[in-house]
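Me: I'm new to reading protein models. Could you walk me through the one on the screen, step by step?

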Amino acid sequence: MSQHPSDPYLASQAAPPARSLPRRDMRDATRGPFTPPATAVTGPQTQQAPELAQRYELLNRLGVPTVANEDFDDLARDMAAQAGFLYGFVNLFLEEQTFVGLHQPPVDSGYVIVGRTMSRDHGWCPEVMARSKALPLHDVHASPRFSGNHVVDAVGIRSYFGAPLIHDSGTVLGTVCVIDPEKRPLSEARRLRDIVINAGAQVMDHIARAPVR
């Protein structure tokens with residue numbers, strides 16, 4: 001599963017333009033793209049350093065790519081398609097949230113094209129990492145705890161379903177998640193939660209099949 005720098009797929013995907021996630025008015029061509037203010041993390045913060053170093057060591061030993069990867073893109077696409085969401089992610093928690101797997105609308109669809117990284121503090125995946133279990137948000141505004149979020153305030157995402165990527169050692173490598181600007185009925189929450197949980201298991205199975213270094 002490791003990617004060589006000369007891989008043509010990697011060359012075409014490694015440096016996408018940094019853009020926001022979709023706005024409520026994402027089809028309004030008269031408005032320029034919104035880019036959230038950067039919260040740059042150039043290295044492990046003090047209390048994150050041991051955990052991050054352990055994650056890097058494990059990813060390296062397992063041969064898991066920490067850059068855009070076609071296999072993970074396929075898994076993100078399948079997860080989003082099953083859920084009926086616009087965006088799907090396979091997300092490793094490194095210095096930044098790093099979307100090694102990404103599915104999004106086509107570039108000519110009128111929807112915003114997202115980049116491959118985001119601050120560790122943004123979105124709902126940090127909560128999934130902290131709790132080490134799935135987080136189903138059929139409508140982020142239904143919960144005061146999760147409605148006050150940078151992605152909600154600046155971008156307008158209404159539904160999020162995420163699950164952790166947990167190695168057999170207990171190390172949480174990252175998350176899988178789907179997001180959409182439309183809320184979902186509460187009656188669909190269990191089904192959507194199960195989709196991302198199953199997708200997380202597929203990602204970990206895929207990782208387990210990679211040659212161990």
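Reply: Happy to! One word to settle before we start is "buried": a residue counts as buried when its relative accessible area is under 20%. Keep in mind too that this is a predicted model. Now take strand β2, residues 97-103: six of its seven residues are buried, so by that cut-off the strand is mostly covered.

Me: What share of the residues in the whole protein chain is buried?

Reply: Buried residues account for 50% of the 213 residues. As for the surface, the chain exposes about 10,400 Å², and carbon and sulfur atoms supply 51% of that.

Me: How do strands hold on to each other in a sheet?

Reply: The general idea is that strands of a sheet pair through backbone hydrogen bonds, in either a parallel or an antiparallel way. Here, β1 (residues 87-93) pairs with β2 in the antiparallel sense, over six bridges. You can find G88 opposite H103 of β2. These two strands form a hairpin, with three residues between them.

Me: Which strand does β2 join through two bridges?

Reply: That is β3, residues 117-118, and β2 and β3 run antiparallel.

Me: How many bridges join β5 to β6?

Reply: Eight bridges join β5 (residues 159-166) to β6, and the two run antiparallel.

Me: Why is β5 described as largely enclosed?

Reply: Count its buried residues: seven of the eight are buried, so the rest of the structure largely encloses β5.

Me: Now a helix, please. How far does α2 reach from its first C-alpha to its last?

Reply: Helix α2 covers residues 49-62, which is 14 residues, and reaches 20 Å, close to the 20 Å expected at 1.5 Å a residue. Its buried residues include L52, R55, L58, L59 and L62. They span an arc of only 130° around the axis, which puts them on the same side of α2. Just after the helix, G63 takes a positive phi of about 75°.

Me: What do the buried residues of α2 pack against?

Reply: They pack against β1, α4 (125-131), β6 (172-180) and α7 (189-209).

Me: And what about contacts across the chain as a whole?

Reply: Consider contacts between residues at least 6 apart in sequence: 66% of them join residues at least 24 apart.

Terms used:
Residues are numbered from 1 along each chain as its sequence is written. This is a predicted model: local features need pLDDT of at least 70, side-chain atom pairs count only at pLDDT 80 or more; totals for chains, interfaces and linings use all residues. Side-chain values use heavy atoms; hydrogens and water are left out. Buried means under 20% relative accessible area, exposed over 50%, partly exposed in between (1.4 Å probe, protein chains only). Helices (H or I, at least four residues) and strands (E, at least two) are DSSP runs, numbered from the N terminus. Two strands pair if DSSP finds at least two bridges between them. Contact means heavy atoms within 4.5 Å. Accessible areas come from the Shrake-Rupley method with a 1.4 Å probe; for residues, only the protein chains shown count as cover. The expected span of a helix is 1.5 Å times one less than its number of residues. The arc is that of the directions from the helix axis to the C-beta atoms.
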